[in-house]
Amino acid sequence: MSQVHENETPEDKVVEILSRLPPKSLMRFKCIRKSWCTLIKSPSFVAKHLSNSMDNNLSSSTSILLNRSQAHIFPDESWKYEILWSIINLSIDSDKHNLHYDVEDLNIPFPMEDHHPVLIHGCCNGIVCVITGKNVVLCNPGNREFRQLPDSCLLLPHPKGKFELETTFQAMGFGYDCKAKQYKVVRIIENCEYSDDEQTYYHRIALPHTAEVYTMASNSWKEIKIDISSKTYSWSCSVYLKGFFYLYATDGKEYILSFDLGNEIFHIIQFPTSRESGFSFDYIFLRNESLVSFCSRFDPSEDSQSCEIWVMDDYDGVKSSWTKLLTVGPLQGIKQPLTFWKSDELLMLASDGKATSYNCSTRNLKYIHIPLTVSEVIDFEALIYVETIVPIK
């Protein structure tokens, strides 16, 4: 037995065992003993559990968080969105390439408005940043905690006349500031005014974008500097990696908008220029702690899609370099990629709304049966997820 284990007390062993259990078990154990409740809520235990949860070597499976929504219409023709979150645990045999999975539906009572879906805009350390209507919410499905953020300091009521400022939500990012040890949310605002009282598009005058940052410690927003084109548009979920978050963006030309959460400075990263003719970049996500960009070309005559996947090798906050990882396809009946869940397994969404897993080595495509409680999925989001007990209240 090693010296470390010889000096290990019974209390140390309890901490070690508990720190490797899933959040659902820990939430139950908090009710068994007062001392366990105090332990599980302590910052040191939360940090140890987070470290173990993020260690991929401790788990043989990968968890993916799925967000699906549907507009449900009632007999009186009123309607509301139905939201279903699920966690799918995926694993694969190293020798037989057999895919195994199980699906757990999450019952999360979002503070949502009936006529608005829940859209994910970022995830970090088990905390998910979502928007539903005008509400920005941080939630941790692991411990079922929520925090509804205060109103924006930049978004204004809709203007009533000409030359009044109109502000519109444009994009959002979320991540962890390793220097300040704070979680931050960044919101980008599109601004314009109109030269006529009817506020028609042809009389719209674009103004520079503005941005604001929210920190959990202050529970408030403050304006920060942003210098990007007034034509910039982004619809993607942010991707967090090592103190930065990244957003797919376009101003007529696609690029990546990065944000240093420590210095609170935006940077622009150009996509690789050596892609094949007809391919356009559409998505960014993570693979093995690296940022991956996905570009595709759709052939309507064959109903097929060909894809190139590029990996950003190095990024110091200013410069970046890219390497083409592989080419996929052409594949028929594929709508879009979702995320890498293993180094060579790509989760994709088929045209019929089903989730599929594509093995880049064997080129096998396998459907994943996800039980649906909604008959027609409108929004389908997926991201690699690690369950934690990080508090947000």
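## Close-up views of a predicted protein chain

**View 1. The whole chain, by secondary structure.** The protein chain holds 5 helices and 24 strands. This is a predicted model. Of its 393 residues, 48% are buried. The accessible surface of the chain is about 20,300 Å². Carbon and sulfur atoms account for 50% of that surface. Take the contacts between residues at least 6 apart in sequence: 51% of them join residues at least 24 apart.

**View 2. Helix α2 meets helix α5.** Helix α2 covers residues 10-18, and helix α5 covers residues 43-54. Their axes come within 9 Å and cross at roughly 50°. That angle is why α2 counts as oblique to α5. From α2, the residues V15, E16 and L18 take part. They meet F45, K48 and H49 of α5. Sorted by class, this contact has 3 nonpolar, 1 polar and 2 charged residues.

**View 3. The largest nonpolar core.** In soluble globular proteins, nonpolar side chains tend to be buried together. Here the largest nonpolar core has 40 residues. L138, F174, V185, L257 and F266 have the most contacts inside this core. Strand β9, residues 182-194, gives the most to the core, with 4 residues.

**View 4. Around L138.** Which residues does L138 touch, leaving aside those up to four places away in sequence? Its partners include I127, V128 and C129. L138 also touches E145, F146, R147 and L149. F174, V185, M216 and I392 are partners of L138 too.

**View 5. A second core.** This core is separate and has 17 residues. Among them are Y246, I284, C295 and Y315.

Definitions and conventions. Residues numbered from 1 in each chain as written. Predicted model: local features only at pLDDT ≥ 70, side-chain atom pairs only at ≥ 80, totals over all residues. Heavy atoms only, no water. Helix = DSSP H or I, 4+ residues; strand = E, 2+ residues; numbered from the N terminus. Buried < 20%, exposed > 50% of the residue type's maximum accessible area, 1.4 Å probe, protein only. Contact = heavy atoms within 4.5 Å. Areas by Shrake-Rupley, 256 points an atom, 1.4 Å probe, with all protein chains shown as cover. Axes fitted to C-alpha atoms, helices over the stretch in contact; angles between N-to-C directions. Parallel < 35°, antiparallel > 145°, perpendicular 65-115°, else oblique. Nonpolar A, V, L, I, M, F, W, Y, C, P; charged D, E, K, R; others polar. Core = buried A, V, L, I, M, F, W, Y, C linked by side-chain atoms within 4.5 Å.
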